[in-house]
Amino acid sequence: MGIVAEDAVNQFEALMKQVDEPLKKTFQNIHQGYPTGTLVRFLKARDRNVPKAHKMLLDCLNWRVENDIDNILAKPIVPNDLYRAVRDSQLIGLSGYTKEGLPVFAIGAGQSTFDKASVHYYVQSHIQINEYRDRVLLPSASKKHGRHITSCVKVLDMTGLKLSALSQIKLMTIISTIDDLNYPEKTTTYYIANAPIIFSACWKVVKPLLQERTRRKIQVLPGCGRDELLKIMDYASLPHFCRREGSGSSRHSGNGNDNCYTLDHPFHQQLHNYVKEQASITAAGPYKQGSVHVNLPDSSADESEIARTIESELNKFGNQTRLTDSLDAIKVSDN
């Protein structure tokens with residue numbers, strides 16, 4: 001990305017002084033006391049172009065105000081059975097921290113089914129984790145390490161990946177677009193672990209849907225990636241699916257404390273309790289059931305092009321291995 005020039009930051013700061021009060025308020029929730037660092041992130045996301053970065057940040061602030069993102073951590077997913085269903089089908093958790101203090105998020109990309117609730121619940125859950133990371137985890141890590149920590153690393157487990165996962169391409173694109181537009185430069189590296197042969201076929205479909213700056217951050221690790229990840233984190237912070245070769249299912253391997261996807265893991269307990277506490281502070285009565293309907297970005301995915309790519313990759317792999325997924329079974333889901 002290169003170093004952002006001081007002049008560009010100064011120009012950006014001058015423009016932000018002119019925004020309306022509601023936008024200034026939500027901007028405070030974004031920068032958490034470090035406005036300059038936030039401006040630098042948006043400048044990097046727009047190749048240090050001040051007008052483009054300014055527009056991007058204004059769009060982000062308006063999105064936050066229109067969708068009441070500042071209060072999303074006071075809106076629990078209820079009832080508990082529904083919340084558990086979301087967690088069981090959207091596998092993500094905090095496994096620890098890198099040696100530099102960055103949070104390490106583990107994601108069960110190969111076994112997340114996203115089939116237990118509507119798309120709005122999964123989007124709500126994703127944004128809540130983003131906001132908890134930015135408002136609670138990163139400030140706490142910054143205080144502990146005595147420096148401003150603004151980003152995390154993500155380790156994606158591809159165990160169990162099938163071509164049928166592409167049926168959720170719309171939801172994956174929505175979540176990716178929300179992150180690109182509203183949480184830029186929040187992930188330093190995406191590590192891919194336990195990638196099966198079929199990963200290359202899925203990657204050819206997903207890759208064009210990602211921003212170039214996101215693609216540059218992706219590293220595919222050999223096997224479970226344990227040795228490579230131990231260079232940047234201690235063993236205790238390794239996701240459970242990276243602890244040994246052939247570690248098996250990302251959903252069930254390891255005990256309850258090791259598996260950071262489970263609701264019994266300290267991260268999810270703390271997140272869940274935090275949301276309940278915020279809800280009790282802001283709500284006048286019991287919180288009503290129903291998802292938070294955030295305005296979703298238009299999907300840029302060309303379904304016909306996706307179908308052609310899937311068919312092409314199926315034909316290639318059909319000559320090399322037996323596939324249990326059929327093209328007819330893969331339908332782009334609106335959830």
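A cavity here is a set of points, on a 1 Å grid over the protein atoms alone, where a 1.4 Å probe fits but cannot get out, and its lining residues have an atom within 4 Å of a point. The model is predicted, so local features need pLDDT of at least 70 and side-chain atom pairs count only at pLDDT 80 or more, while totals for chains, interfaces and linings use all residues. Numbering starts from 1 along each chain as its sequence is written, and side-chain values use heavy atoms, with hydrogens and water left out.

**View 1. The largest cavity and its lining.** Searching the whole structure turns up 3 cavities of 30 Å³ or more. The largest has a volume of about 90 Å³, a volume being the space filled by probe spheres set on grid points joined across faces, edges and corners. Around it sit Pro-76, Ile-77, Tyr-83, Arg-87, Ser-125, Gln-128, Ile-129, Leu-271, His-272 and Val-275.

**View 2. The second largest cavity.** This one comes to about 70 Å³. Look for Asn-29, Ile-30, Arg-41, Arg-64, Glu-131, Asp-134, Asn-182, Tyr-183 and Lys-186 in its lining.

**View 3. Helix α4 against helix α7.** Helices are DSSP runs (H or I, at least four residues), numbered from the N terminus. Here α4 (residues 50-66) and α7 (residues 169-182) pack at about 120°, with axes 9 Å apart; axes are lines fitted to C-alpha atoms over the stretch in contact, and angles run from 0 to 180 degrees between N-to-C directions. Met-56, Cys-60 and Trp-63 of α4 meet Ile-178, Asp-180, Leu-181 and Asn-182 of α7, contact meaning heavy atoms within 4.5 Å.

Notes. On a 1 Å grid over the protein atoms alone, a cavity is a set of points where a 1.4 Å probe fits but cannot get out, and a pocket is an open set with protein on both sides within 12 Å along at least five of seven lines; lining residues have an atom within 4 Å of a point. Helices (H or I, at least four residues) and strands (E, at least two) are DSSP runs, numbered from the N terminus.
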